Amino acid sequence: MAEQDTPKEKPSAKAHSGIPEAIFLEDVGSFMDGPENESTATVLQKLDEQLNKYRFMDANLQQRKKRLVAQIPDIKKTLETIQFLKAKQETDGPFMSHFLLSDNLYTTAEMLPSSVVYLWLGANVMVEYKIDEALSLVTKNLASAKKMLGQVQDDLNFVRDQTTTTEVSILINAQHRYMLYQWYTQLG
């Protein structure tokens, strides 16, 4: 028995982060002949479920994008600070620095050149790194965050395309259902 595509999932070589590719109903009649498509109501229900999944994925991807967009400037600030400390590492004696102490609170401090920096990893964890190691780590983190942001944007575009395809398939199926209704009414 030949397998018929269902509205749930279709394997794709272009799968974006595990997001299934939506099917487009070109020929509703042959699609409806499939054994799993007992009625237009069940197909519409499956398509509606798929549409809700795409909307859920879209919302999650929007949140990831928002977090990354907020995270990238923080990583850039950290990188600039490490580069500043690296430049001051060669100086003899203390230097003055103006820095953010907490939200909207800045202070000035006299600092001695140092060969180490302390980076917050999160969850109240701070790790000591040599300046060159910290510079390498933060540069890698920035590149990774930018790459991830690009991937999330690609996934968002893909989900939006799949949402549109599913919405069109729902419309085509509903139109087919209406045409069948008209045909049956004219017969009887």
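**Aromatic pair.** I searched the whole structure, a predicted model, for aromatic pairs and found one. I counted rings of Phe, Tyr and Trp (its six-membered ring) as a pair if their centres lie within 6.5 Å; planes under 30 degrees apart are stacked, over 60 edge-to-face and the rest tilted. The ring centres of F84 and F95 are 5.8 Å apart and the planes stand at 75°, so I noted the pair as edge-to-face. Since F84 belongs to helix 2 (residues 40–89) and F95 to strand 1 (residues 95–102), the pair ties together parts 11 residues apart in sequence. Helices (H or I, at least four residues) and strands (E, at least two) are DSSP runs, numbered from the N terminus.

**Burial.** I took buried as under 20% relative accessible area, exposed as over 50% and partly exposed as in between (1.4 Å probe, protein chains only). F95 is buried at 9%, while F84 is partly exposed at 36%.

**F99.** I then looked up F99, found in strand 1 and partly exposed at 31% relative accessibility. Leaving out residues up to four places away in sequence, F99 touches L105, Y106, T107 and A109 (contact: heavy atoms within 4.5 Å).

Strand 3 (residues 116–122) and strand 4 (residues 125–130) pair antiparallel over six bridges; pairing needs at least two DSSP bridges between the strands. I found V125 in strand 4 as the bridge partner of G122. Two residues lie between the strands of this hairpin, and A123 has a positive phi near 50°.

**Notes on method.** I number residues from 1 along each chain as its sequence is written, and side-chain values use heavy atoms, without hydrogens and water. Local features need pLDDT of at least 70 and side-chain atom pairs 80 or more, while totals for chains, interfaces and linings use all residues.
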